[in-house]
Amino acid sequence: PLLVSAHESSCIRLWSIQGNLMKELLPFAGRPSGPLTALCTDIFTKILLTGSKEGYVFRWNMASFLEDSRNTKNAIKEELCWRAHASEVVDLFIEEEKNVIVTASVDGSVRLWHARTGYYFGFFGQARKFDLTDTSRLILPSDVSHFSAIIKEERKRTEKKKIVYPLILDRDK
């Protein structure tokens with residue numbers, strides 16, 4: 001058993017059932033996440049989804065970490081990030097049989113997304129039927145302008161090197 005908590009600082013904490021802190025995570029994607037407001041897992045607890053006050057959804061892969069949490073090589077990997085709503089995500093869940101994620105926002109909209117790629121399928125109440133088989137059409141909701149970002153690998157934060165570029169006047173040029 002594992003407990004997961006999401007915090008205003010964008011931090012995700014994983015706890016053992018005895019109350020010991022096992023891991024702390026921060027979203028690494030290049031976009032600001034803001035305070036986390038919702039989280040859920042799939043039924044096997046291999047995928048963790050978090051939603052933020054800024055309208056972003058993050059997908060984390062926890063499978064290798066849960067196999068052996070003591071092994072430092074088994075990390076929890078942030079796989080996907082996308083802007084799902086223009087305002088706060090208040091709830092989300094993953095429907096594994098259809099491979100979709102459902103998100104809800106304070107703006108009253110409920111939207112459907114492809115679980116692996118973050119592609120937008122539509123919103124509840126739309127006139128057309130959902131086509132869950134077509135993930136080739138890159139469409140976005142009208143209030144979102146960023147496509148999903150697939151996180152290839154976690155980049156290490158490096159120190160900024162100070163580089164000096166002297167300005168030299170070249171009269172010939």
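**View 1. Gly-108 sits in the hairpin of β9 and β10 with a positive phi near 90°.** Four residues lie between the two strands of this hairpin. Keep in mind that you're looking at a predicted model. Strand β9 covers residues 100-105, and β9 and β10 pair in the antiparallel sense over five bridges. To find your way across the pair, look for Ala-104, which stands opposite Val-110 in β10.

**View 2. Strand β10 (residues 110-114) is largely enclosed by the rest of the structure, as four of its five residues are buried.** Here, buried means under 20% relative accessible area.

**View 3. A further hairpin joins β10 and β11, with five residues between the strands.** In this hairpin it's Gly-118 that takes a positive phi, near 80°. Strand β11 takes in residues 120-123 and pairs with β10 in the antiparallel sense, over three bridges. Trp-113 has Tyr-120 in β11 as its bridge partner.

**View 4. Three strands make an open sheet in the order β1-β2-β3, with antiparallel pairing.** The edges belong to β1 (2-6) and β3 (21-25); each has a single partner strand, so one side of each is left without a neighbour in the sheet. On average, neighbouring strands of this sheet are turned by 20° against each other, direction ignored.

**View 5. Zooming in on that sheet, β2 and β3 pair in the antiparallel sense over four bridges.** Strand β2 spans residues 12-16. As a reminder, strands of a sheet pair through backbone hydrogen bonds, either parallel or antiparallel.

Terms used. Residues are numbered from 1 along each chain as its sequence is written. This is a predicted model: local features need pLDDT of at least 70, side-chain atom pairs count only at pLDDT 80 or more; totals for chains, interfaces and linings use all residues. Side-chain values use heavy atoms; hydrogens and water are left out. Two strands pair if DSSP finds at least two bridges between them. Axes are lines fitted to C-alpha atoms, for helices over the stretch in contact, and angles run from 0 to 180 degrees between N-to-C directions. Buried means under 20% relative accessible area, exposed over 50%, partly exposed in between (1.4 Å probe, protein chains only).
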